[in-house]
Amino acid sequence: MSSTQRVLAAGQPVSVKGPWRSPGHRHLHGSDFTWAIAFVLPYAAVYVAFVVYPFGYALWLAGKPSLYAELVADPLYLSTVVNTLLFVGLGVNVKMFLALLLSGFFLRRRWWIRALLAVYILPWGVAAAQACVSFHWMLIGELGLVDGVLSAAFGIDGPNWFGGRWIGLGSDIAAYIWKWMPFWTVIFLAARLKIPRDIYDSAKIDGATGYRRFVHVTFPLVANLYLLCTLLSTLWTVGDFTTVYLVSGGGPAGATDVLATLGFHYAFETSRPALGIAAVISALPVLIPIAIVLMRRLQTSEAQL
Amino acid sequence: MSITLTPGPPARRRWRWILTEAGSALLGVVLLIWSLAPIYQMFLIALDPEEGEIEFDGNLWPPEPSLEGFRAVVTQKARYLEDFWHQFGNSLYIGLLTMVLTVLIGSLASFAVGRMRLSKGSLLTNAALLTYAIPASFLIVPYFRIMHTYGLSNSPWAVIAAQVTFALPFAILMLQLYAKLIPFELDDAARVDGASAAQLFLRIYMPLMIPALAVVAVYALLLAWNDYLYQAVLLSVRNMTVSVTQGQLFADVDAPYNAMMAAAILYVLPPIALLFALRRYVVAGLTIGGTGDTRVS
């Protein structure tokens with residue numbers, strides 16, 4: 001029996017917290033070092049070629065301060081900043097909070113809830129462009145499914161969902177939540193499945209049930225994960241182009257544009273690539289601190305996605 | 001410590017139980033309608049025998065459901081969809097290569113950083129996460145230019161490169177977190193038996209990482225499958241994908257909507273099939289560790 005087999009035969013330890021760093025006294029040398037470099041090289045190449053270089057190039061293209069003066073002077077840019085804050089702020093937080101609550105619902109052990117979960121995660125598998133086109137048609141005014149059902153069932157004339165700035169943004173946020181809430185619900189569900197039963201048993205003895213159990217027992221245990229996911233999702237959502245472009249199309253007349261679609265509009269529809277980059281780069285002062293907090297949190301905490 | 005185990009007299013408890021059950025049933029119905037409405041809408045349009053119908057005419061089920069739309073797509077007779085299978089092939093090519101490359105490059109990097117104790121290894125993970133400070137849609141203009149420099153303009157490889165770049169930081173993060181569960185004693189024991197780093201990677205690391213690799217694979221495929229912007233900007237008409245063709249619906253008011261939606265439904269199937277095929281591993285990968293009781297089957 002080789003020593004590998006012996007360790008394998010001993011079974012996997014239930015929790016391995018220590019060994020992550022502990023045998024670190026041995027340094028890499030000789031062929032091992034060569035192997036390690038060879039293993040990292042493909043990613044390093046991708047990083048330099050497709051992150052560092054394009055990013056540097058973008059900064060160089062959008063380096064002229066006059067571009068930013070032009071942006072601030074454009075009323076469309078200012079309303080777009082407000083829209084982006086609303087879209088990301090409301091979209092991400094409502095989605096995350098509902099996902100956390102719903103993960104509790106999906107923990108219930110009923111056959112029909114388990115079957116429902118399979119249906120519920122379908123939107124994650126539906127491609128974004130198709131889902132957004134479907135949302136667009138569903139809300140396309142009196143011809144759409146939603147207004148059609150409203151008038152058939154309740155006799156009300158539904159609103160024009162893309163007719164105004166706020167209602168258009170609301171439609172975008174609804175489509176965004178529909179598409180992305182299942183993914184995060186599954187992440188939270190997985191985290192909550194890992195909470196040992198005995199914690200709940202002792203909480204029950206202490207009288208913590210229902211709402212109090214959620215606030216004082218469950219939430220503190222998943223709070224760190226919740227924060228990490230919210231930060232990561234915020235970064236991803238600022239770059240979301242598809243939802244706004246295909247659901248409300250940025251209309252009416254650019255009233256629901258976000259930075260991602262405005263940048264596209266400048267760069268490809270009015271042929272001002274530098275201005276397009278400047279529009280999106282203006283968000284970096286907010287995004288880089290978020291990324292740094294995310295990195296710090298991941299390093300210091302025992303966070304597990 | 002006070003011990004109050006009984007929340008109330010039996011009658012009150014019974015009422016509470018009924019309320020809870022009614023509440024979850026109601027929530028279940030709401031979630032069902034919410035999740036299925038846009039998908040249902042896709043079928044409603046796809047099954048309509050007439051080309052231009054997107055209006056809702058009061059029928060919750062098409063009066064004469066017809067597979068005409070699907071037939072037109074499969075036989076490539078519909079307008080805009082003359083090259084459907086070619087475009088589908090392009091989507092598949094981009095999606096699968098993104099998936100394979102992400103899993104490969106990501107697992108190599110996470111092995112080197114996490115298992116080989118490469119000094120300054122965490123620098124790489126941090127640098128990777130920094131990618132997300134520059135959201136994907138921000139880089140489209142420089143990508144458009146640099147792909148030309150790299151000789152990749154109008155090539156599917158331009159899109160693959162972009163998608164792999166954005167999938168890798170999450171992949172490396174996920175793999176590293178999962179790798180923490182594999183005991184280091186295993187590596188040390190294999191070393192004693194004379195295994196090289198490459199053998200360690202192939203024989204120990206990869207087989208034990210299968211659940212995490214499954215999550216990363218599904219994630220990468222969906223990222224490429226969901227993409228609209230990069231495919232629209234970086235590909236030529238010849239290499240167009242299904243995702244972009246869908247977006248062009250807006251350009252034409254009398255497009256063959258039933259065929260378009262039938263195409264959308266066909267396009268949605270591959271990632272769902274993959275998710276279904278790998279569901280066991282995905283569940284295991286997401287419920288890292290699974291200490292406590294494993295209530296998931």
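**Entry 1: a proline in a loop**

I started with B:P135, which sits in the loop between α4 (121-130) and α5 (140-149) of chain B. Before going on, I noted for myself that this is a predicted model. Is B:P135 buried or exposed? I found 23 other C-beta atoms within 10 Å of B:P135, and 20 or more are needed, so B:P135 counts as buried.

B:F166 is 31 residues away from B:P135 in sequence, and I read 8.9 Å between the two C-alpha atoms. Then I asked which residues B:P135 is in contact with, once its neighbours within four places in sequence are left aside. My list reads A:L235, A:W236, A:V238 and A:G239.

**Entry 2: an isoleucine in a helix**

I moved on to B:I105, a residue of helix α3 (residues 84-114) of chain B. B:I105 also has 23 other C-beta atoms within 10 Å, and because the cut-off is 20 or more, I wrote it down as buried. With neighbours within four places in sequence set aside, I found B:I105 in contact with A:P42, A:Y43, A:V46 and B:L168. I also checked B:A133, which lies 28 residues from B:I105 in sequence; from C-alpha to C-alpha the two are 21 Å apart.

**Entry 3: where the chains touch**

How many residues does each chain put in? I got 95 residues from chain B and 96 residues from chain A. On the side of chain B that touches chain A, helix α1 (residues 10-46) of chain B gives the most, with 12 residues. I then sorted that side of chain B by residue type and noted 65 nonpolar, 21 polar and nine charged.

**Entry 4: two helices that cross**

The axes of α1(B) and α12(B) come within 7 Å and cross at roughly 135°. What should I call that angle, parallel, perpendicular or oblique? Roughly perpendicular runs from 65 to 115 degrees and roughly antiparallel begins over 145, so α1(B) is oblique to α12(B). I noted the crossing of α1(B) past α12(B) as left-handed.

Which residues make this contact? From α1(B) I listed B:M42, B:F43, B:I45 and B:A46. From α12(B) I listed B:Y257, B:N258, B:M261, B:A262, B:A264 and B:I265. By type, the residues of this contact come to nine nonpolar, one polar and no charged.

**Entry 5: one side of a helix**

I turned to helix α7 (residues 184-192) of chain B and looked for its buried residues. They include B:L186, B:D187, B:A189 and B:A190. Where around the helix do these four point? They cover an arc of only 165° around the axis, so they lie on the same side of α7(B). After α7(B) comes B:G194, and I read its phi as positive, near 90°.

**Entry 6: positive phi away from glycine**

A reminder to myself: most residues other than glycine have a negative phi. That sent me looking for residues that do otherwise.

A:S271 is not a glycine, yet its phi is positive, about 55°. I found A:S271 in the loop between α13 (259-269) and α14 (273-281) of chain A. With 9 other C-beta atoms within 10 Å, and 12 or fewer being the mark, A:S271 is therefore exposed.

B:N154 has a positive phi too, near 65°, and is also a residue other than glycine. B:N154 belongs to the loop between α5 and α6 (156-179) of chain B. B:N154 has 14 C-beta neighbours inside 10 Å, which falls between the two marks, so I put it down as partly exposed.

**Entry 7: each chain as a whole**

I finished by stepping back. Chain B has 13 helices and zero strands, while chain A has 15 helices and zero strands. Of the 297 residues in chain B, 47% are buried; of the 305 residues in chain A, 41% are buried.

Last, I took the contacts between residues at least 6 apart in sequence. In chain B, 78% of these join residues at least 24 apart.

Definitions and conventions. Residues numbered from 1 in each chain as written. Chains lettered and ligands numbered in written order. Predicted model: local features only at pLDDT ≥ 70, side-chain atom pairs only at ≥ 80, totals over all residues. Contact = placed C-beta atoms within 7 Å. Nonpolar A, V, L, I, M, F, W, Y, C, P; charged D, E, K, R; others polar. Axes fitted to C-alpha atoms, helices over the stretch in contact; angles between N-to-C directions. Parallel < 35°, antiparallel > 145°, perpendicular 65-115°, else oblique. Left-handed = near helix turned anticlockwise from the far one by under 90°. Arc of directions from axis to C-beta.
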